[in-house]
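Here are some notes for a colleague who has not seen this structure before.

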Amino acid sequence: MADSNRDMEELEEVEPLEVLDEDIPDKSGEHLQLFSSSSKLFLNSIFPVLIIDRNLKIVFANPSCENLFTNFFNLQGCYFTDVFGKAFEIDDIRKIWETIINGENGYSWKGKVRIKSRAMVSVQVRVYIFPTDLDIKEPHEFIVMFDDVTEENKQLLTSVFISLLEASKLKDNDTGKHIIRVNYYSKRIAEELYHNYNEKYFQVDADFVENIGFLASMHDVGKIGTPDDILNKEGPLSEWEWAIMREHTKNGAFILSTYPNPMAKEIALSHHERWDGNGYPFQLEGDMIPLAARIVTFADVYDALRMERSYKPALTHSVTVEKMMQDKGAHFDPFLSDVFYSIAEDFNRLYEKNKD
Ligand SMILES: [Fe+2]
Ligand SMILES: [Fe+2]
């Protein structure tokens, strides 16, 4: 009771302000002033909330909202469409306008939006728009409520694909740790490109770095479709057995075709392509091979060379690096070979730390 009294007192201290354009603060670094009594309701709310006027100008943003969009947008005094326009589909923007101007669906709208920037991992949010006062015939203010569903969606998606990965591990003689190490090496290269080569590799943004590890770990998921006697055969494979073995790239791409990020399919399909065009399945050449797949190739080959197999001994770190550098421009992207060489010690460290 005492607490709720204090809350009430805090709310009382907030003076309601009139809706005047000139009162909208300039980029002052503080959250927006309160423009209507409804904003009081959301001041301390855990729900990220904006209040917009009929012109779609943002008149209030609560701290939760500012927090959610920190590093993405400056919300202050801006128009809703200027801030979120690129994130919404054109059709959604049109419908939001119709909702607010014509009162469609009782002046209410709901939808989904994905917000991204180069430096931040993208967030997925559900958006609900409704008037501040249902009694007013022509409302002049609207609440925009956001629900951050990024983690929820990610967990749903990854849980399905982790099960698939577990199923493929039952079949494949590669150990679980190989998959983990390929994840880490791939992420390490991506981080290096993101931090030190961002002009050359502009497509390597925060999402790319965040996603490549998990997607790299699924590179051989297509081996689920490879017959056991070929997959686990001791000794060299015959030509027709190799032909079947090579199918795991296409099978992987087929299995991962439902994954929303196309990088999953690119890695599965192209991680055995070679820079000189002598790889498989399509003999792609140079940068026709998707970047993510070119990165995973380093991770997969490095780890395969370091591991002991029934048909080959384990190589040391320095012999592995030397061997791979001899293949610069043949098996491997020459520029990425130099990047790999500059961080090769980290590969060694990751291998030692995550040994079988
Ligand atoms: Fe493979
Ligand atoms: Fe592999």
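Predicted model: local features only at pLDDT ≥ 70, side-chain atom pairs only at ≥ 80, totals over all residues.

Is the crossing of helix 12 and helix 13 right-handed or left-handed?

1. The crossing of helix 12 with helix 13 is right-handed. Helix 13 covers residues 291-306, and the two helices pack at an angle of about 50°, with 8 Å between their axes.

2. Sorted by class, the contact of helix 12 with helix 13 has five nonpolar residues, one polar and one charged.

3. Helix 12 (residues 263-270) also packs with helix 9 (residues 206-217). Here the angle is about 45° and the axes are 9 Å apart. Helix 9 and helix 12 are therefore oblique to each other. Helix 9 passes helix 12 in a right-handed crossing.

4. The residues that helix 9 brings to this contact are Asn-211, Ile-212, Leu-215 and Ala-216, and those from helix 12 are Met-263, Ala-264 and Ile-267. By class, the contact of helix 9 with helix 12 has six nonpolar residues and one polar, with no charged residues.

5. Ile-267, a residue of helix 12, deserves a separate look. Leaving aside residues up to four places away in sequence, Ile-267 touches Leu-215, Ala-216, His-219, Ala-292, Ala-293 and Val-296.

6. Is Ile-267 buried or exposed? Ile-267 has 31 other C-beta atoms within 10 Å, and 20 or more count as buried, so Ile-267 is buried. One of its contacts can also be given as a distance: the C-alpha atoms of Ile-267 and Ala-293 are separated by 4.4 Å, although the two residues are 26 residues apart along the chain.

7. Helix 7 is a separate matter. What is the number of buried residues among the 22 of helix 7? The number is one, so helix 7 lies largely in the open.

8. The length of helix 7 (residues 150-171) can be checked as well. At 1.5 Å a residue, its 22 residues should span 32 Å, and the C-alpha atoms at its ends are 32 Å apart, so the two values agree.

Conventions:
Residues numbered from 1 in each chain as written. Chains lettered and ligands numbered in written order. Axes fitted to C-alpha atoms, helices over the stretch in contact; angles between N-to-C directions. Helix = DSSP H or I, 4+ residues; strand = E, 2+ residues; numbered from the N terminus. Parallel < 35°, antiparallel > 145°, perpendicular 65-115°, else oblique. Left-handed = near helix turned anticlockwise from the far one by under 90°. Contact = placed C-beta atoms within 7 Å. Nonpolar A, V, L, I, M, F, W, Y, C, P; charged D, E, K, R; others polar. Expected span 1.5 Å × (residues − 1). Buried ≥ 20, exposed ≤ 12 C-beta atoms within 10 Å, placed from the backbone.
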